Amino acid sequence: MDITRRAIFAQAWPIILGQALVPLVSVVDVAVIGRLSDGRNLGGVALGATILNLVFWSFGFLRMGVTGITAQAKGARDDEEVCATILRSLALGLGLGAMLLVLSPVIVPVGLRLMSAPAGVGDAAHDFLTMRFWGAPAALGFYAINGWLLGLGRTRLALGVQAVMNGVNIGLDLLFVGALGMGARGVGLGTTLAEWSALAGGIVAIALVLGPDWRGQLRAIGRARLLDMAAVRRLVVVNADIMVRTLALLAIFTWFTRSAAALGPVPLAANHVLMQMVSISAFVLDGFAFTAEARVGAAIGARSRATLLRAIRLTGEFSLGGGLLFSLAILLVGGDAIAFLTHDASIRALANAMLPYCAAVPLVGVASWLLDGIFIGAIAGATLRNAAVVALGLYLLTDFALKPLGDAGIWLALLASYAYRALALGLAVPALLLRSL
């Protein structure tokens with residue numbers, strides 16, 4: 001199995017580019033709203049995006065669990081299970097997305113009430129969320145397809161589909177918000193249409209992976225194999241653990257936003273501006289974590305300890321270097337980015353004051369991001385779940401303890417949450433190596 005630095009980077013760079021496009025859409029949203037409107041509208045989009053991320057990424061296991069299962073099936077050279085995995089996971093994603101759409105008239109008002117939306121912010125957030133939920137089936141279906149492509153190491157195809165989705169999203173965002181003045185509703189509608197385009201592109205990608213007879217290969221998966229109870233049970237158990245893990249992590253970011261909202265519209269908007277830089281660094285550095293998922297899963301499937309250890313070491317080297325570079329970049333150009341994203345003087349002032357804390361996130365957080373990838377590839381859902389729950393509990397205690405520090409305390413607690421999670425996962429690595437091979 002080819003496991004060199006060149007091979008790691010060749011697999012990682014398409015993911016890095018694709019991941020960089022994900023937060024780019026949010027950056028465009030913030031820039032359009034932040035430059036053409038006031039802090040309340042920017043805060044409304046920030047609040048709506050937080051609620052939506054909490055709901056949608058509660059089902060992020062459709063990406064993460066599928067990657068590990070697919071990678072191990074590939075490592076074991078079980079092509080039939082590779083095909084069965086995408087059918088099972090895609091059906092699950094579409095079904096769960098349809099359920100969210102049906103429940104959205106209840107989810108949206110409850111979410112806004114729980115987030116204690118400041119005056120003037122709730123209406124914009126409601127418009128944004130109402131439109132976004134129409135894309136729920138496509139979004140969750142694409143999670144499954146993306147996880148499958150990453151598990152197979154088909155990162156260039158994943159990049160292509162991601163590029164199509166983000167290109168459509170940015171174009172519609174500029175049309176609906178910049179040209180037609182639709183505000184938060186336009187942002188939501190543009191993203192929803194882009195998600196449906198991504199689902200269509202993902203189906204094309206499946207066909208390209210399986211070849212000209214892709215329909216025949218999928219039909220050949222018998223009902224008995226597709227509904228194999230051991231495989232279905234494994235998918236459900238792994239996904240349940242990762243779902244708890246994802247909910248715990250989303251709770252951290254939701255609490256982070258809620259804490260800022262409690263301080264007022266300016267801290268809420270300033271932190272949202274800074275979180276665009278955090279998102280870009282996290283999404284880009286996840287390129288190495290996703291590579292670790294595929295490499296670790298394939299090594300375990302092939303039962304190769306040497307390959308597993310080398311995959312962990314090489315992806316770790318790239319991750320650490322990337323975290324350092326992103327921290328330096330945020331320190332150097334963060335002020336200019338803030339000035340570009342918003343014209344509000346009070347938001348700019350607070351964002352610049354909090355910039356050093358924001359710059360520390362990539363360096364502090366990169367270990368937890370990489371370890372996530374390692375344990376997802378190993379399909380160690382229980383370990384991921386436990387580490388996230390511990391990190392959430394300690395984060396809340398830290399946030400309460402640092403309340404007197406205001407917005408600085410909010411950022412320090414967030415930094416601590418990354419350290420807590422990295423420590424919990426790091427302590428579990430020796431047991432993972434003994435158990436997996």
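Biologist: Let's start with Thr70: which helix is its place in?

Modeller: Keep in mind that this is a predicted model. Thr70 sits in a stretch running over residues 61-75. That stretch is helix H3.

Biologist: Is Thr70 buried or exposed there?

Modeller: The cut-off for buried is under 20% relative accessible area. Thr70 has a relative accessible area of 0%, so the residue counts as buried.

Biologist: And which backbone oxygen does the side chain of Thr70 reach?

Modeller: Thr70 is in H3, and its side chain reaches a backbone oxygen at 2.7 Å. The residue that carries this oxygen is Val66.

Biologist: Staying with H3, at roughly what angle does it cross helix H6?

Modeller: Two packed helices are described by the angle between their axes and the distance between the axes. H6 covers residues 136-151, and its axis comes within 7 Å of the H3 axis. The crossing angle is roughly 30 degrees.

Biologist: Are H3 and H6 roughly parallel or antiparallel, then?

Modeller: Angles under 35 degrees count as roughly parallel. The two axes cross at roughly 30 degrees, so H3 and H6 are roughly parallel.

Biologist: Is the crossing of H3 and H6 left-handed or right-handed?

Modeller: We have the angle at roughly 30 degrees, but handedness is a separate item. For H3 and H6, the crossing is right-handed.

Biologist: Now H14 and H16: how do their axes cross, and within what distance do they come?

Modeller: H14 spans residues 345-377 and H16 spans residues 407-426. Their axes cross at roughly 15 degrees, so the two helices are roughly parallel to each other. The crossing is left-handed. As for the distance, the axes come within 9 Å.

Biologist: How many nonpolar residues are there in the contact of H14 with H16?

Modeller: The residues of that contact divide into three classes. Three are polar, three are charged, and the nonpolar ones number 19.

Biologist: Are Arg421 and Asp372 buried or exposed?

Modeller: Under 20% relative accessible area is the mark for buried. Arg421 has 7%, and Asp372 has 5%. On those values, Arg421 is buried, and Asp372 is buried.

Biologist: What is the C-alpha separation of Ala424 and Leu371?

Modeller: Ala424 is found in H16, and at 24% relative accessibility this residue counts as partly exposed. Along the chain, Ala424 and Leu371 are 53 residues apart.

Biologist: How many salt bridges does a search of the whole structure find?

Modeller: Among them are Arg185 with Asp127 at 3.1 Å, N to O, and Arg313 with Glu317 at 2.9 Å. The search of the whole structure finds nine.

Biologist: Which helices does the pair of Arg185 and Asp127 tie together?

Modeller: Arg185 is partly exposed at 36% relative accessibility, and Asp127 is partly exposed at 25%. The pair ties together parts that are 58 residues apart in sequence. Those parts are helix H8 (residues 183-210), with Arg185, and helix H5 (residues 122-132), with Asp127.

Biologist: By about how much of a helix are Arg313 and Glu317 separated?

Modeller: Both are in helix H13 (residues 305-341). Arg313 is partly exposed at 41% relative accessibility, and Glu317 is partly exposed at 35%. They are four residues apart, so the separation is about one helical turn.

Biologist: How far is Ala388 from Leu250 in space?

Modeller: Ala388 lies in helix H15 (residues 381-401) and counts as buried at 0% relative accessibility. Ala388 and Leu250 are 138 residues apart in sequence. From C-alpha to C-alpha, they are 9.8 Å apart.

Biologist: And is Arg156 buried or exposed?

Modeller: Arg156 is found in helix H7 (residues 155-179), with its C-alpha 9.4 Å from that of Ala12. Over 50% relative accessible area counts as exposed. Arg156 has 58% relative accessibility, so this residue is exposed.

Technical notes:
Residues numbered from 1 in each chain as written. Predicted model: local features only at pLDDT ≥ 70, side-chain atom pairs only at ≥ 80, totals over all residues. Heavy atoms only, no water. Axes fitted to C-alpha atoms, helices over the stretch in contact; angles between N-to-C directions. Parallel < 35°, antiparallel > 145°, perpendicular 65-115°, else oblique. Left-handed = near helix turned anticlockwise from the far one by under 90°. Nonpolar A, V, L, I, M, F, W, Y, C, P; charged D, E, K, R; others polar. Salt bridge = Lys/Arg side-chain N within 4 Å of Asp/Glu carboxyl O. Buried < 20%, exposed > 50% of the residue type's maximum accessible area, 1.4 Å probe, protein only. Polar contact = N/O pair within 3.5 Å; in protein donor to acceptor, adjacent residues only side chain to side chain.
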